[in-house]
Amino acid sequence: MLNPHIHLNRIEFIITYACTGRCIHCSQGDHDDCGTYIDGDAAARVVRQTAQLYDIRSVMTFGGEPLLHSDAVCRIHTAAREAGIPKRQLITNGFFSRDWAKIRETARALAAAGVNDLLLSADAFHQETIPLEAVKLFAAEVMDAGMPLRLNPAWLVSPEDDNPYNEKTRAIIAELTAMGVPLNGGNVIFPEGRAARYLAQYFDAAAPVVNPYEEDPADVRTVSVEPDGSALGGNVYTDEIADILAAYRP
């Protein structure tokens with residue numbers, strides 16, 4: 001009998017907290033635990049077993065910068081493709097190597113693994129520390145590999161607000177859309193982690209912090225697996241995901 005608090009349709013994997021950027025808007029803080037990264041084989045097993053129990057509609061890999069460990073990303077998405085999961089998403093800042101051959105090889109490996117929705121994080125915040133030319137090179141290789149690609153910028157206050165960060169983001173978007181990269185809606189920054197520290201002037205200190213990604217703990221639709229294997233109070237490196245889901249209590 002399935003757990004009455006679990007109604008999964010999505011699996012997320014945080015590949016690593018290590019990152020090639022040092023973005024001031026990052027909700028995850030300073031990325032102190034940078035040495036740990038997900039075990040690709042264990043993660044692929046989670047995908048296969050969970051898909052046998054629930055009607056999983058999407059799998060997402062992100063970080064940190066997930067493509068620092070592209071082999072693990074590919075194992076996860078290969079398992080998702082083989083399990084018939086229709087949406088296979090990757091969020092990346094596009095900067096994981098300066099080696100053109102490695103960039104091209106990685107783009108083709110992702111396409112072969114079945115990634116069919118690549119969200120590219122490019123905006124004023126990422127481009128403070130990440131070279132746009134390297135991101136454009138990766139985007140070109142992704143499109144050449146035939147993989148669907150969308151820009152996913154971070155907006156400050158709202159996409160319409162005319163603050164200096166958004167103005168720079170619009171200029172970066174213009175360069176990438178000129179290459180043929182379509183624009184996704186992106187997301188609005190919320191005040192957690194580094195964003196709360198460095199962008200405090202843009203937020204109402206009296207307003208409650210609302211994380212748009214938090215779920216109702218009594219009605220779990222997404223299971224998220226951390227780089228150390230943690231998930232819903234268990235650990236997929238030592239326990240079967242079916243047992244973790246069955247034992248979960250809100």
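Beyond its neighbours within four places in sequence, Gln 89 is in contact with Arg 10, Val 59, Met 60, Thr 61, His 77, Asp 117, Leu 119 and Arg 150, where contact means heavy atoms within 4.5 Å. Welcome to a predicted model, in which local features need pLDDT of at least 70, side-chain atom pairs count only at pLDDT 80 or more, and totals for chains, interfaces and linings use all residues. Residues are numbered from 1 along each chain as its sequence is written, and side-chain values use heavy atoms, with hydrogens and water left out.

**Gln 89 itself**
- Gln 89 sits in strand β3 (residues 87-92); strands (E, at least two residues) and helices (H or I, at least four) are DSSP runs, numbered from the N terminus.
- With a relative accessible area of 6%, Gln 89 is buried (under 20% relative accessible area, 1.4 Å probe, protein chains only).
- Its side chain makes polar contacts with the side chains of Arg 10 (3.1 Å) and Asp 117 (2.7 Å).
- A polar contact is a pair of N or O atoms within 3.5 Å; within protein, one must be able to donate a hydrogen and the other to accept it, and residues adjacent in sequence count only if both atoms are side-chain atoms.

**Strand β2 and its partners**
- All 5 of the 5 residues of β2 (residues 58-62) are buried, so this strand is largely enclosed by the rest of the structure.
- Ser 58, Met 60 and Phe 62 point one way from β2, while Val 59 and Thr 61 point the other way.
- β2 and β3 pair in the parallel sense over 4 bridges (pairing takes at least two DSSP bridges), and Val 59 stands opposite Arg 88 in β3.
- Strand β1 (residues 6-14) also runs parallel to β2, joined by 5 bridges.

Note on methods:
Buried < 20%, exposed > 50% of the residue type's maximum accessible area, 1.4 Å probe, protein only.
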